[in-house]
Amino acid sequence: MGRRDRRKAYEEENTRKKSGWRGVLLFILLPLLAAGIWGATRLLDKWDASLTPSTLEVENREASQTLPEWILPSFIPVDGTSRRGEALEGVEGIVIHYVGNPGTTARQNRDWFANPESEVSSHFVIGLDGEILMCVPLTEKSSASNEANGTTLSIEVCHPDETGKFTRESEEALVKLLAYLCRRFDLTVDKIIRHFDVTGKICPKYYVEHEDAYAAMKKRVEASLREDAA
Ligand SMILES: [Zn+2]
């Protein structure tokens with residue numbers, strides 16, 4: 001072998017070795033790359049899921065855009081009992097209730113509705129400080145007023161003690177909410193009723209036992225509507 005041939009053979013050998021290594025490298029790197037891509041996709045999916053808001057979050061956000069800021073949407077899940085997801089046939093009246101559980105907060109009552117075992121719900125809950133939570137959309141039936149559920153909105157009001165008397169703040173909020181709903185659904189004050197007027201149940205207790213307090217509250221709603229009209 002001449003010098004030139006030896007050199008050629010050496011170069012050939014080298015090339016063979018190099019391509020051999022390349023094969024091994026590819027054999028190791030390709031699966032690694034594939035695993036890397038798969039892992040990254042999984043991570044992205046997880047990240048995406050953590051960013052995707054839940055159905056309730058979307059509902060609450062959308063509702064807040066069409067409601068005054070003093071009403072806080074806090075919808076309960078559609079569970080087939082408390083919230084059935086059935087459309088209201090229309091809004092022909094508004095039914096007032098008391099929660100019947102002295103000292104409980106609006107949030108606690110809302111959370112009780114959210115429990116499918118409760119089988120009850122209300123469009124609104126008014127708390128002891130006058131805070132207003134909305135638990136069921138205005139287009140859907142609540143489970144509050146028996147045979148009137150299909151055509152009425154419902155408002156549950158919290159109360160500090162067994163008398164069922166509402167706090168000044170709660171009643172203030174009730175008047176404000178009733179006036180707002182009467183305006184929004186073009187209802188007159190005589191379309192505001194008590195659960196008692198539907199079934200004879202002593203609810204809301206204080207307004208059943210104190211007709212004067214009930215009448216005075218409705219007068220205030222009427223005055224508020226008149227103010228608007230003027
Ligand atoms: Zn009731």
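This is a predicted model: local features need pLDDT of at least 70, side-chain atom pairs count only at pLDDT 80 or more; totals for chains, interfaces and linings use all residues.
N146 belongs to the loop between β4 and β5. The phi of N146 is positive, at about 50 degrees, although N146 is not a glycine.

D186 also has a positive phi, near 55 degrees, and is likewise a residue other than glycine. D186 is located in the loop between α4 and β6. With 8 C-beta neighbours inside 10 Å, D186 counts as exposed. Most residues other than glycine have a negative phi, and most peptide bonds are trans. A cis peptide bond is found from C203 to P204, with omega near -10 degrees. P204 is placed in the loop between α5 (195–199) and α6 (205–209).

## Overall form and domains

The protein contains seven helices and six strands. Read from the N terminus, these elements follow the order α-α-β-β-α-β-β-β-α-β-α-α-α. Two domains are assigned: domain 1 covers residues 1–52, and domain 2 covers residues 55–229. Between the C-alpha centres of domain 1 and domain 2 there is a distance of 68 Å.

The C-alpha trace spans about 125 × 40 × 30 Å along its principal axes. The radius of gyration of the protein is 33 Å, whereas a compact globule of 230 residues would have a value near 17 Å. Of the 230 residues, 27% are buried. Among contacts with a separation of 6 or more, 69% are between residues 24 or more positions apart.

## The six-stranded sheet

Six strands form an open sheet in the order β1-β4-β3-β5-β2-β6, and their pairing is mixed. The edges are taken by β1 (71–73) and β6 (192–194); each has a single partner strand, so one side of each is left without a neighbour in the sheet. On average, neighbouring strands of this sheet are turned by 25 degrees against each other, direction ignored. Strands of a sheet pair through backbone hydrogen bonds, either parallel or antiparallel.

## Strand β2 and its partners

Strand β2 (residues 93–98) is parallel to β6 and is joined to β6 by three bridges. Within this pair, V95 stands opposite I193, and I96 has R194 as its bridge partner. The pairing of β2 with β5 is also in the parallel sense and extends over six bridges. On that side, I94 has L153 of β5 as its bridge partner.

Six of the six residues of β2 are buried, so this strand is largely enclosed by the rest of the structure. Both faces of β2 are covered. G93, V95 and H97 are buried on one side, while I94, I96 and Y98 are buried on the other.

## L153 in strand β5

L153 lies in strand β5 and is buried, with 27 other C-beta atoms within 10 Å. Neighbours within four places in sequence aside, L153 is in contact with V91, I94, H123, L138 and L181. E92 and L153 are 61 residues apart in sequence, yet their C-alpha atoms are 8.3 Å apart in space.

In soluble globular proteins, nonpolar side chains tend to be buried together. The largest nonpolar core of this protein has 36 residues, and the members that touch the most other members are I126, V157, L174, L177 and L178. At least two residues of this core come from each of β2, α3, β3, β4, β5, α4 (168–184) and α7 (211–229). Helix α4 gives the most, with seven residues.

L177 is one of the members that touch the most others in this core. Leaving aside its neighbours within four places in sequence, L177 is in contact with F124, I126, I132 and I155.

Key: Residues are numbered from 1 along each chain as its sequence is written. Domain bounds come from an automatic or database domain assignment. Two strands pair if DSSP finds at least two bridges between them. Helices (H or I, at least four residues) and strands (E, at least two) are DSSP runs, numbered from the N terminus. Axes are lines fitted to C-alpha atoms, for helices over the stretch in contact, and angles run from 0 to 180 degrees between N-to-C directions. A residue is buried if 20 or more other C-beta atoms lie within 10 Å of its own, exposed if 12 or fewer, and partly exposed in between; C-beta atoms are placed from the backbone. The radius of gyration is taken over C-alpha atoms; the globule rule is 2.2 Å times the number of residues to the power 0.38. Two residues are in contact if their C-beta atoms, placed from the backbone, lie within 7 Å. A nonpolar core is a set of buried Ala, Val, Leu, Ile, Met, Phe, Trp, Tyr and Cys residues joined through C-beta atoms within 7 Å.
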